[in-house]
Amino acid sequence: MKRRTLFATALIAGLGLSFQAQAATQWDLASAYPTFNFHSQNLAQFSKDVEQASQGDLKITVHSGASLFKMPEIKRAVQGNQAQAGEFFMVSFQNEWPLFGLDGLPFLVSNYDEAWKLYQAQRPLLEKKLDQQGMVLLYAVAWPPQGIYTNKPIQSAADLKGLKWRVYSPTTARIGELIGAQPVTVQEAELSQALATGVVDGLITSSATGADNKLYENLKYYTNVQAWIPKNAVVANKRAFESLSPATQEAVRQAAAAAEKRGWEESRKVDAASIAKLKANGMQVDEPTPQLKSDLVEIGQTVILEWLETAGAEGKEVLEASGRMRALGQGANARMIQRATTAN
């Protein structure tokens, strides 16, 4: 009898463990960046934090390097629950909704503190839009400021004319047009090959992207114009998120808040480390000349005004909430800004 009781107890315990293992929810999270990129490393830590905080109730498998979906496909895959979560570069979707492109506007912000304040103003509208699209915003992390990579020193915007200019968003495409370059759409996973084969010979991107992709192997100059500070958004499918228990939802939110804080702090460190890596590998890192900065600010004003015309009241609301409208209004284009925002 005793042996039967022990056997029954062991069987029940084993079935219980098996049931728990089967009951654990499995999510796939799609990302386009290589595993060594700081965004990917942050995702990996986020995944570990979620599993620990949920006591194994939710396990997230991170698929980096565009191994599950290519970058332009990730947002749609999450909306359709083909992947329960994903990371996408917001400015690439500006044509879908103008405010996705907010932090890609040239010289709207000049440092991380201003970028964070802009994000806080943007976030309520961002969460609302993603909710309408069937998604939940988990967190967002900034890239380092964007600079210009070329094979020749850049003294003014005129020096950029004629370059085969890599673009990744409507804004980078528009800048290419305004400087007289030839815009070419290239995703990050294809960037090294595009440079090696001469498909592009100039681009604007972060110090981190330059270091990760070893742009110093094909380009000689990095001009640190700090044009803008764009963000990646990490999102979950709304139905998948709402199917989690309240305790697991809270575990995800807590892990997301920690990932956001950690990611912004790491972005600052990565910028300095990446610039050092560019220099160490023979790339010349220059600060922009007064003429180049003046040229780019003028181009930036044009881009911002065009954006305001399409963003309308929502765009004006975010710029005012972040204090950036006041800063813009001090410029020579104040009347044009007013006309652009009241025309909607």
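Tyr222 has Val285 in E11 as its bridge partner. That bridge belongs to a parallel pairing of strand E9 (residues 221-223) with E11, which runs over three bridges. Strands here are DSSP runs of at least two residues (E), helices are runs of at least four (H or I), and both are numbered from the N terminus. Two strands count as paired if DSSP finds at least two bridges between them.

This is a predicted model, where local features need pLDDT of at least 70, side-chain atom pairs count only at pLDDT 80 or more, and totals for chains, interfaces and linings use all residues. Residues are numbered from 1 along each chain as its sequence is written, and side-chain values use heavy atoms, leaving out hydrogens and water.

**The sheet**
- Six strands make an open sheet with mixed pairing, in the order E7-E6-E8-E5-E9-E11.
- At the edges sit strand E7 (182-185) and strand E11 (284-286), and each of them pairs on one side only.
- On average, neighbouring strands of this sheet are turned by 30° against each other, direction ignored.
- Helix H9 (residues 246-280) packs on the sheet and touches strand E5 (146-150), E9 and E11; contact means heavy atoms within 4.5 Å.
- The direction of H9 makes about 130° with that of E11; axes are lines fitted to C-alpha atoms (for helices, over the stretch in contact), and angles run from 0 to 180 degrees between N-to-C directions.

**The bent helix H10**
- Helix H10 (residues 290-322) spans only 27 Å between its end C-alpha atoms, while a straight helix of 33 residues would span 48 Å. The expected span is 1.5 Å times one less than the number of residues.
- At Gly312, H10 bends by about 115°; the bend is the angle between axes fitted to the seven residues ending there and the seven starting there.
- Just after H10 comes Gly323, with a positive phi of about 85°.

**Who packs against H10**
- Helix H4 (residues 112-132) packs with H10 at an angle of about 140°, their axes 8 Å apart. That makes H4 oblique to H10, as angles under 35 degrees count as roughly parallel, over 145 as roughly antiparallel, 65 to 115 as roughly perpendicular and the rest as oblique.
- In this contact, H4 residues including Lys117 and Leu125 meet H10 residues including Glu314 and Ser322.
- Helix H5 (residues 170-178) packs with H10 at about 130°, with axes 10 Å apart, so H5 and H10 are oblique to each other too.
- Thr171, Arg174, Ile175 and Leu178 in H5 meet Ile299, Thr302, Val303 and Glu306 in H10.
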